[in-house]
Amino acid sequence: MTSLFALVDCNNFYASCERLFNPDLIGKPIVVLSNNDGCVIARSNEAKALGIKMGAPLFEIKDLLARDGVHVFSSNYELYGDMSRRVVLTLSEYSPNVEVYSIDESFLDLGNFLHVDIQAHARAIWERVPIATGIPVAVGVAATKTLAKLANRLAKKSRKANGVLVLTDPVHVEAALKATEIGDVWGVGRQYARKLALYGVRTAYDLTRQTDSFVKRHMTIVGLRTVKELRGEPCIDLEMVPPSKQNICTSRSFGQPLIDLSDIEEALATHAVRCATKLRKQGSCASALTVFLETSRFAAPGQVYFSSRTVQLESPSASELVIMPQALGALRAIFRSGFRYKRTGIIVTGICPAGQVQQSLFEPDNRKRDSGLMDSLDTLRKRFGHSVVKYGVQGTAGKWEMQSGKLSPCYTTRLDDLIKAR
DNA sequence: TCTGGGGTCCTAGGACCC
DNA sequence: TCTGGGGTCCTAGGACCC
């Protein structure tokens with residue numbers, strides 16, 4: 001029995017989503033910005049051709065964008081998330097086993113497709129997804145997930161492949177490894193690429209030729225797994241059910257620098273509520289939380305401040321009535337006046353299933369009361385949106401809220417947005 | 001003025017225990 | 001206080017991913 005994986009990756013996903021409901025933009029350069037309109041996180045092919053770099057800060061390229069008539073969007077995760085679900089639904093027609101790896105990538109298990117023409121199957125996916133969803137994709141197929149990633153990259157790059165590459169013939173695999181720079185391998189980042197270059201390791205092929213002990217010494221056992229996968233030995237399984245998260249972090253940069261504690265409290269209270277909501281959604285409780293507060297990393301020396309504080313909870317909880325006050329207490333403890341703050345956030349840790357929580361001996365058991373209330377809040381918010389129920393401390397001023405001045409309508413998830421757009 | 005947010009895993013080193 | 005191997009737990013830091 002041989003393993004076989006397909007990696008299906010949406011082309012320029014966020015840019016493709018923006019274009020979907022705005023056909024005037026076909027053939028035009030588009031970029032999508034990070035939260036707070038900070039930097040570029042997605043580009044259409046036309047924008048790439050103009051030389052706009054991934055991660056470029058908006059303020060540095062603003063003139064260039066205007067000069068070249070690039071269409072600029074704030075990120076609209078509500079739209080992208082919904083489109084992503086539609087793509088995954090389509091993919092599930094092509095394999096019973098699908099792993100949703102990220103918002104724009106899924107792995108498909110094709111391992112037991114013995115009597116299927118894999119090339120034709122992959123091509124069918126490539127044709128079907130844009131018809132069903134409007135989103136173009138590329139498909140890479142190989143014996144391991146790491147090789148499927150590599151095949152997918154080449155499928156996009158190569159004219160001949162035209163969006164689909166099945167990499168199973170050993171001769172082709174070797175050629176593909178030789179054509180792939182080390183830094184483009186899944187699992188090899190900038191640091192490792194730099195280090196490996198010192199040893200003359202420049203391509204994926206070079207890496208497969210190193211001894212296991214060399215790889216383990218320089219890249220830990222994680223790197224060794226990558227190398228084995230490049231050699232065709234599967235080490236990374238398909239994960240159809242995402243494992244429950246061991247940390248949950250909710251944070252945002254402020255739309256403008258904040259000086260007053262009360263403004264920052266509004267932000268953190270909101271993050272704490274969202275964080276507790278995420279915790280409940282995966283059916284977990286947290287036993288500790290960490291609050292952090294920081295200025296811009298780019299502030300002048302002496303004006304940079306970063307602090308965090310961890311609080312152990314009396315007993316594990318997912319109640320915002322527990323988590324929010326504790327978080328605010330931690331924030332007040334680390335706040336120093338005189339700084340221009342840029343970001344705050346909360347991380348919950350020590351996560352356990354909600355069903356396994358041991359009650360503290362000395363605390364009144366508020367869990368029953370809280371969990372009923374939390375259920376009601378979750379239902380309300382799911383139906384009417386996050387701001388339907390808020391706490392006083394969350395405020396209404398919203399001085400912290402992020403800038404997203406170029407937000408597109410949520411065409412697929414909000415009826416009033418769709419009507420307005422028509 | 002302006003540079004994202006949310007995760008995972010591994011390792012090393014220290015504290016502490018028998 | 002030292003002798004000595006071995007184990008666990010925790011944290012900080014560093015690497016990676018999208």
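This is a predicted model: local features need pLDDT of at least 70, side-chain atom pairs count only at pLDDT 80 or more; totals for chains, interfaces and linings use all residues.

Modeller: Residues are numbered from 1 along each chain as its sequence is written, chains are lettered from A and ligands numbered from 1 in the order in which they are written, and side-chain values use heavy atoms, with hydrogens and water left out.

Biologist: What distance separates the centres of domain 1 and domain 3?

Modeller: Domain bounds come from an automatic or database domain assignment. In chain A, domain 1 covers 5-10 + 87-230, domain 2 covers 13-79 and domain 3 covers 248-394. Taken over C-alpha atoms, the centres of domain 1 and domain 3 are separated by 38 Å.

Biologist: How much space lies in the largest cavity?

Modeller: On a 1 Å grid over the protein atoms alone, a cavity is a set of points where a 1.4 Å probe fits but cannot get out, and lining residues have an atom within 4 Å of a point. Grid points are joined across faces, edges and corners, and the volume is the space filled by probe spheres set on the points. The structure holds 1 cavity of 30 Å³ or more. The space in the largest cavity is about 60 Å³.

Biologist: Which element gives the most to the lining of the largest cavity?

Modeller: Helices (H or I, at least four residues) and strands (E, at least two) are DSSP runs, numbered from the N terminus. Strand S1 (5-10), helix H4 (77-91), strand S5 (98-102) and strand S6 (105-109) each supply at least two lining residues. Val-8, Ser-84 and Asp-104 are among the residues of this lining. With 4 residues, the element that gives the most is H4.

Biologist: How is the pair of Phe-107 and Trp-186 classed?

Modeller: Rings of Phe, Tyr and Trp (its six-membered ring) pair if their centres lie within 6.5 Å; planes under 30 degrees apart count as stacked, over 60 as edge-to-face and the rest as tilted. By this rule there are 13 aromatic pairs. In the pair of Phe-107 and Trp-186, the centres are 5.7 Å apart and the planes lie at 45°, so the pair is tilted.

Biologist: Which parts of the chain does this pair link?

Modeller: The two residues are 79 residues apart, and the pair links distant parts of the chain. Phe-107 lies in strand S6, and Trp-186 lies in the loop between helix H7 (170-178) and helix H8 (190-198).

Biologist: Which element gives the most to the surface near DNA strand B?

Modeller: A residue is near a strand if one of its heavy atoms lies within 4 Å of it. DNA strand B is surrounded by 20 residues, and Cys-249, Ser-251 and Lys-342 are among the closest. With 6 residues, the element that gives the most is S9.

Biologist: How far is a phosphate oxygen of DNA strand B from a polar backbone atom of Ser-251?

Modeller: A polar contact is a pair of N or O atoms within 3.5 Å; within protein, one must be able to donate a hydrogen and the other to accept it, and residues adjacent in sequence count only if both atoms are side-chain atoms. For a polar backbone atom of Gln-246, the distance to a phosphate oxygen of DNA strand B is 3.0 Å. For a polar backbone atom of Ser-251, the distance is 2.5 Å.

Biologist: Which element supplies the largest share of the surface near DNA strand C?

Modeller: DNA strand C is surrounded by 13 residues, with Glu-105 and Gly-187 among the closest. A polar backbone atom of Gly-187 is 3.0 Å from a phosphate oxygen of DNA strand C. The largest share of the surface, 3 residues, comes from H8.

Methods:
On a 1 Å grid over the protein atoms alone, a cavity is a set of points where a 1.4 Å probe fits but cannot get out, and a pocket is an open set with protein on both sides within 12 Å along at least five of seven lines; lining residues have an atom within 4 Å of a point.
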